Amino acid sequence: MRVSVFFTLFILLLSLSLFAQEVTFLAQDNPNDDGEAIKLEWVAPVTIFELVLARSEDNITFTKIARVTPLLRTYIDDENIEDGKEYSYRLAVINDEQEVEQYYFSAATASAQWFNTDKISLLIMAIFLASAIVYFILHARRGGRLYIRKISGLDTMEEAVGRATEMGKPIVFVPGIMDLDDMQTIAGLNILGHLATKVAQYDSTIHVPVCRSMVLSTAKEIVKESYLRAGRPDAFNPDSVYYLTDDQFGYVAGVDGIILREKPAANFYLGAFYAESLILAETGFESGAIQIAGTAMPTQIPFFVAACDYTLIGEELFAASAYLSNEPNQLGSLKGQDVGKAIIIVVLLAGVVLEMCGVHFLKDFLNLH
Amino acid sequence: MKIFERFLTIDRRIIFLLIFIGVALPLIFMITFNLEVTENVQSVYELLQEMEPGTRILISFDYDPSTKPEIQPMAIALLQQAFTNRLRVITTALWPMGVQMCNEAYETVSAEYPDIEYGIDFINLGYKSGGMVTINHMAKDFRSTFPADAGGVPIDDFPIMKGIKNFDKIGCMISLSAGDPGLKQWVMIVHDTFNKPVAGGTTAVQAPTMLPYVNEQRQLIGLLGGLKGAAEFELLVKKPGFATKGMGAQSIAHLIIILFIVIGNIGYFVTRKQQDTIKSKKP
Amino acid sequence: MRRQIPMIITFLVGTLIIVSEFIPHKPFGNLSTTLEGWFLIISGFAIILGQLSLFKVNIIKIHRRTPNWQYYIIALVSFSIMVLCGILWGTQQQPGLLTVREGMLNFFGYKPFDYIFKYFFENLSATMFSLLAFFMASASYRAFRARSPESTLLLIAAVLVMLGRTTIGSTLTGWIPNSLNFLQLPKIASFIMKYPNTAGQRAIMICAGLGVIGSSLRIILGIERSYLGGK
């Protein structure tokens, strides 16, 4: 009898101790943040019904913050956490009958980091790319020779403006449907500056219907400055740059109407486009205009290629302004981009080979968390 | 030979007319073709088929009216399968117009299932901005993320929400997604953290980008891609709808386009041959 | 100074945002989000500029009786009606200045703004979107000619994907046994979309990303000044 009681107690204690050993709980500062979060981690058997997390600032009074499952394993506490303050945490193990079986405690101090170590690979790549670009800019400034391949669409710009002047028809420039925070819009507007200068020199007319109000202000300024630079401030018409609507299909309906009524000699579609790209390009084709398009949206490039005379694909749109200016400074940056491309190709190939060999360190290193 | 030259310069109004006829007739007369169900669509169907009646599933309506023709038929077919199998459906939206899409889908399907009760078998929790941040909050505390349904009624009043604190008690998650935020974010949280099955429906354009997630790790159980995916799913649930009609129209339209491409190329090759012959005859 | 001040601001803000991407510590951590918020606020006010431009351009055309000037009146009237409906009676989510009478609600089934949005605007948008089907056909007819080996490859791929993405593709090659199922049109179409198409798209995205970096650096360093209207 005594032996059996002792044996039962032993088994109970053993299983309790095993149970106790199987749960680990740790609170630590959440890495790579601004000191406003603490990371809680636990390992617990999946058979546990529920876990309750509570927090205290004085290690006496605990306030519940979350009910979690054993499966979750991690919880980021980012509610009212102050940088530099210590917080105590309690993990309560709850059974089927909603009773607390055990408590576990841990404490941590939130702190802000000055460098996000998860982004080290991004920093290295950015430094490489920026260095390549800056090197070639300096190389170009020192008189180094640079070869840049021809981009037909841009070489045709002057011809298109000349054609418009001869025919007495206007030019339509569409800077995309996105706002100024999209780099494609800015690239398009950069080209507008060059184009508007030529339009001013040739005494032609330009229509710039825009989809966003911020783009309206910027485009107007650009066209005005271009006329000024060409020595034709009197020829600038402020109503040549106008706003239609923010709505995608309302805008394309408006631009189509302009193209069909004005019958331009040349259409330029340079910026970010979505589904409306083919509608614009086909309507422009119908009007008989020469069409030059450029976008970095991979899904829209095929439509422009099919329907336009010339298409700037992806990076050609961003290179256009540098190409048109022909300034060594700017052309140097194009060369730097090409070096960047070479670096990426090497890394890609190395990654593929390493992955095939089962070595994952490069993939893990380049993975941004 | 002039006819071949004409092949090169067909008036586009003729093309438009034929496309119009090719799209309209199948829609009006319900002309359909045999459809084979692909593996990815079959997987989504089997995922729901194997669930016990009463299981709660989460469907997120992450699209807007511009992609409604492709994705709404998927939503309707999914609800039909869920209600047929007496699954309980909790819906959310990460896109503002997704709420309206959800309401329209529910209105369409609930007419076929009069026994289905709002609050017991179905609930619309409405839209929440934030994308990934919202999904993270749902994972931590579902009830504080959605304290009330789309109509403003506290979720504690609805039996379907009883016991839901995170994704633990959710049988599976399906995201009907037209872009970002959408399916990718759901996979990252619901599958990668909670290990719950996730399936999705996307537009045809987006489907290739999501296919890599249908892998050995089963990050996505299956994927409905575009109108074809929706039509295949309608075939499986045996309730042909807009997608099935649309596939007939899409097939005919594609055939017409291919026909014109062939005509154009015939004209091109014949006239080029003629020109080459003329050039070779010149002294 | 007129151009130098914007260039200095561009340099400072651009550099700060790049640096803040790597520094979580305050005040850098939330800098991007804060600046994005400022942009949204400014663009909200800028909407007024856009509407004024819209009015001005249309009124000038009506005043000058340019050809089809009547349509510009329609544009202004529709714009005004939508704005008034939204302000007076609100939308489904937002109340307006006036409460919606039951008679109006029973007649339309929705508030006036929502009614016009659902039955006019949505249908007009869908109509413009549907033009794509027609234009796709005419563009394909014109563009897919076997002028060179590359265009022939493009043509073949296009035809395979078009057939494979429809029921006709399944019907045409459904008889092929499972052991040779890679020859079935839907499988070929999926292969083309999943591998060459995705590879091409990713290559364009990578190069475009490099283009953005190059372009941004030029702007931040003040080498590119076209956006200021100058050389």
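Mentor: Here is a short tour, chain by chain.

Mentor: This is a predicted model, where local features need pLDDT of at least 70, side-chain atom pairs count only at pLDDT 80 or more, and totals for chains, interfaces and linings use all residues. Residues are numbered from 1 along each chain as its sequence is written, and chains are lettered from A and ligands numbered from 1 in the order in which they are written.

Trainee: OK. What does the secondary structure of chain A come to?

Mentor: Chain A has 11 helices and 13 strands. Helices (H or I, at least four residues) and strands (E, at least two) are DSSP runs, numbered from the N terminus.

Trainee: And what radius of gyration does chain A have, against a compact globule of 369 residues?

Mentor: Chain A has 32 Å, while a compact globule of 369 residues would be near 21 Å. The radius is taken over C-alpha atoms, and the globule rule is 2.2 Å times the number of residues to the power 0.38. Along its principal axes, the C-alpha trace of chain A spans about 115 × 45 × 40 Å.

Trainee: How much of chain A is buried?

Mentor: Buried residues make up 44% of its 369 residues. Buried means 20 or more other C-beta atoms within 10 Å of the residue's own; exposed means 12 or fewer, and partly exposed is in between, with C-beta atoms placed from the backbone.

Trainee: Which residues touch the most other members in the largest nonpolar core?

Mentor: Ile171(A), Leu192(A), Ala219(A) and Ala281(A), in a core of 121 residues. A nonpolar core is a set of buried Ala, Val, Leu, Ile, Met, Phe, Trp, Tyr and Cys residues joined through C-beta atoms within 7 Å. Another core lies apart from it, with 68 residues, among them Ala139(B) and Ile174(B).

Trainee: Back to Leu192(A). What does Leu192(A) touch?

Mentor: Leaving out residues up to four places away in sequence, its contacts include Phe173(A), Pro175(A) and Val208(A). Contact means that the C-beta atoms, placed from the backbone, lie within 7 Å.

Trainee: Now Arg55(A). Where is Arg55(A) found?

Mentor: Arg55(A) sits in strand β3 of chain A, residues 50-56. Arg55(A) counts as buried because it has 21 C-beta neighbours inside 10 Å. Beyond four places in sequence, Arg55(A) touches Phe62(A), Thr63(A), Ile65(A), Asp77(A), Tyr87(A) and Tyr89(A). Ser88(A) is 33 residues away from Arg55(A) in sequence, yet 5.7 Å away C-alpha to C-alpha.

Trainee: What is the bridge partner of Arg55(A) in β4(A)?

Mentor: Thr63(A). β3(A) and β4(A) pair antiparallel over five bridges. Pairing of two strands takes at least two DSSP bridges between them.

Trainee: What order do the strands of that open sheet have?

Mentor: β4-β3-β6-β7 of chain A, four strands with antiparallel pairing. The edges are β4 (63-68) and β7 (100-109), each pairing on one side only. Neighbouring strands are turned by 25° against each other on average, direction ignored. Axes are lines fitted to C-alpha atoms, for helices over the stretch in contact, and angles run from 0 to 180 degrees between N-to-C directions.

Trainee: Switch to chain B. Is the pairing in its six-strand open sheet parallel or antiparallel?

Mentor: Parallel, in the order β3-β2-β1-β4-β5-β6. β3 (122-127) and β6 (223-225) are its edge strands.

Trainee: Which strands does helix α5 of chain B touch?

Mentor: Helix α5 (98-110) touches β1, β2 and β3 of chain B, at about 160° to β3(B). Helix α10 (226-237) lies across β5 and β6 of chain B, at about 120° to β6(B). Inside the sheet, six bridges join β1 (56-62) to β4 (172-177), and Leu58(B) stands opposite Met173(B).

Trainee: Where are the cis peptide bonds you flagged in your notes?

Mentor: One joins Asp180(B) and Pro181(B), with omega about 0°. Pro181(B) is in the loop between β4 and α8 of chain B. The bond from Lys26(C) to Pro27(C) is also cis, with omega near -5°.

Trainee: Last one. How many residues of chain A are in contact with chain B?

Mentor: Seven, against eight residues of chain B.

Notes: Contact = placed C-beta atoms within 7 Å.
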